[in-house]
Amino acid sequence: GQVHELVAADSGFLVDIDDKEADHFAEVLDKLFDDAALRASLGEAGRRRVERDWDLRRTREEYRRLFV
C-alpha cells in the first residue's frame with residue numbers, strides 16, 4: 001500500500017522529510033504541540049479509521065482471497 005492510504009486528512013498529516021520541507025514539518029509539530037483538541041480529534045479519527053478499515057476478520061478474508 002501507499003502512505004496516503006495510511007494517513008487521511010482527518011487523522012494525520014503527511015510531510016515529506018527532506019531539507020526543503022523541514023520548516024513545514026516543524027510547523028506541523030508546533031500545531032500539534034499547541035492544540036490538544038486537534039491531537040484528540042486526529043487520534044479519534046485515526047482509531048475509527050483503523051477499526052473500520054483494518055478489522056481482523058476483513059483483513060483475514062482479504063489475505064485469504066489473495067493467497068488461496
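Reader: Why is Arg49 called buried?

Author: Good place to start, and do keep in mind that this is a predicted model. Arg49 has a relative accessible area of 14%. Buried means under 20%, so Arg49 falls in that class.

Reader: What makes Arg52 exposed?

Author: The cut-off for exposed is over 50%. Arg52 has a relative accessible area of 53%, so Arg52 counts as exposed.

Reader: How do you know that Asp53 and Arg49 form a salt bridge?

Author: Their side chains come to 3.7 Å, N to O. A salt bridge needs a side-chain nitrogen of Lys or Arg within 4 Å of a carboxyl oxygen of Asp or Glu, so this pair qualifies. Asp53 also meets Arg52 in a salt bridge, at 2.7 Å, N to O.

Reader: Why are Asp53 and Arg49 said to be separated by about one helical turn?

Author: Both belong to helix α3, residues 36–53, and they are 4 residues apart there, which means about one turn of separation.

Reader: What makes Arg64 and Glu61 a salt bridge, and where do they lie?

Author: The closest N and O atoms of Arg64 and Glu61 are 2.8 Å apart, and the limit is 4 Å, so the pair counts as a salt bridge. Both residues lie in helix α4, 3 residues apart, about one turn of the helix.

Reader: Which residues of α2 and α3 meet?

Author: From α2 there are Lys31, Leu32, Phe33 and Asp34, and they meet Ala36, Leu38, Arg39 and Leu42 of α3.

Reader: Why does Val68 count as exposed?

Author: Val68 has 83% relative accessibility, and exposed means over 50%, so the label holds. Val68 lies in the segment after α4. Together with Tyr63, Leu66 and Phe67, Val68 makes a nonpolar surface patch of about 560 Å².

Terms used: Residues are numbered from 1 along each chain as its sequence is written. This is a predicted model: local features need pLDDT of at least 70, side-chain atom pairs count only at pLDDT 80 or more; totals for chains, interfaces and linings use all residues. Side-chain values use heavy atoms; hydrogens and water are left out. Patches are made of residues with over 30% relative accessible area and no salt bridge: like charges are joined within 9 Å, nonpolar side chains (Val, Leu, Ile, Met, Phe, Trp, Tyr) within 5 Å. Accessible areas come from the Shrake-Rupley method with a 1.4 Å probe; for residues, only the protein chains shown count as cover. Helices (H or I, at least four residues) and strands (E, at least two) are DSSP runs, numbered from the N terminus. Buried means under 20% relative accessible area, exposed over 50%, partly exposed in between (1.4 Å probe, protein chains only). Contact means heavy atoms within 4.5 Å.
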